[in-house]
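Hi,

Here's the structure I promised to pass on.

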Amino acid sequence: MSVQFASEVLNQIFNTISVGLIVVDRNNQIRLWNDWVEKRSNIEASAAIGQYITAIFDEPPSTAFTLAITKTIDYRLPVILSNALHRSPLPLYERNDKNREKKRIHQSITLTPLEVGGERQCLIQITDSTTSIKREKILRSHSELLKKEATTDSLTGIYNRRFFDEHFKMALAQAVRHGTSLSVFMVDIDFFKQFNDYYGHVAGDKALVQVAGALKSQLLRASDVLARFGGEEFVLMLPNISQESAMQFAEKLQNAIRDLHIPHEKSLASPHISISIGFSHFSKDALLDSAALLKTADAALYAAKNNGRNRIFFLSLPSLTEQSRSLSTPASKH
Ligand SMILES: Nc1nc2c(ncn2[C@@H]2O[C@H](COP(=O)(O)OP(=O)(O)OP(=O)(O)O)[C@@H](O)[C@H]2O)c(=O)[nH]1
């Protein structure tokens, strides 16, 4: 292979490669400038060679970029300018399309030390990362959407059981660790089968959405969680409230549903849609795991149902001894 042939091949590679290539010397003077850079800077190689890299553009390169050249040459070590931190160190634009607005490209830049004829130089390699950054953004927003879908109930828009289960375990572990409390409420719409049968499934869906919204409106703190547990059943957890406050909160939930005034002619508990609530309360003296706390709240709900519905029941931990008053509106009082 003749020297001339090799030099022609190298020259062609230099100018056809889809990477920007610039070589500067230790005075920051440009020694090489390939086609890729020419097209994205709109500065021809003949005009660039011999100029200072710091002064060649309309707008100066970023400080990180000029510092990186000095470091590469002085310490003879390669430097990478990550595009996460340095989106666009050089004023380079998408290939010239006269009819379009110029769009600055995102760049990934690697600087490599060279030694040519005993002289230190710096090779600057630039790749256009605009597409990969765009793709990354799209992927991120897709994954956020998927995450939201995986944790949200599609009908009511509140969290689903999967989300609740994960957060409940964490919240309980935190309560145990910090010696704080955690209240769990199971909420079930009374005679909802009869509601569906009488008013139809579409009206049933609408009622579920309204009930979910009314329950949600009672949550005040970011740490409070409401989720659809399944069917016409909801679950709520409130960290750090006293047992008395938990009872008052349950009453507020019941009032919020009553205030919706959704007629329910077929209910034996109320002329309007009503709910039964069972709740349990963990405080530092109780011994339990997350399943036990939920099971106790569920047993309390069962008791509320069996005692006429449209009422609140509390069961304490861990003995499952029914403690509290069957508070709230008795079936006859609406
Ligand atoms: N419209 C609608 N109905 C649902 C949905 N999920 C569950 N249901 C209905 O909810 C009803 C629940 O019925 P049951 O479990 O017998 O309870 P209930 O009639 O409310 O009786 P109690 O809870 O004992 O007061 C069933 O008819 C289900 O079809 C839903 O997403 N939309």
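The ligand has 17 residues around it, and the closest are D190, F192, K193, G204 and G231. Bear in mind that this is a predicted model. By type, the shell around the ligand splits into seven charged, five polar and five nonpolar residues. Three elements each supply at least two residues of that shell: β6 (182-189), α7 (192-199) and α8 (201-216).

β6 also belongs to an open sheet of five strands, with the order β7-β8-β6-β9-β10 and mixed pairing. The edges are taken by β7 (225-230) and β10 (312-314); each has a single partner strand, so one side of each has no neighbour in the sheet. On average, neighbouring strands here are turned by 20° against each other, direction ignored.

Now for the pairings, going along the sheet. β7 runs antiparallel to β8 (residues 233-239), with five bridges between them, and L226 sits opposite L236 in β8. β6 and β9 are antiparallel too, joined by eight bridges; there, L182 stands opposite F282 in β9. β9 and β10, on the other hand, run parallel and share three bridges, with F279 having F314 of β10 as its bridge partner.

Cheers

Methods: Residues numbered from 1 in each chain as written. Predicted model: local features only at pLDDT ≥ 70, side-chain atom pairs only at ≥ 80, totals over all residues. Pairing = 2+ DSSP bridges. Helix = DSSP H or I, 4+ residues; strand = E, 2+ residues; numbered from the N terminus. Axes fitted to C-alpha atoms, helices over the stretch in contact; angles between N-to-C directions. Near = placed C-beta within 6 Å. Nonpolar A, V, L, I, M, F, W, Y, C, P; charged D, E, K, R; others polar.
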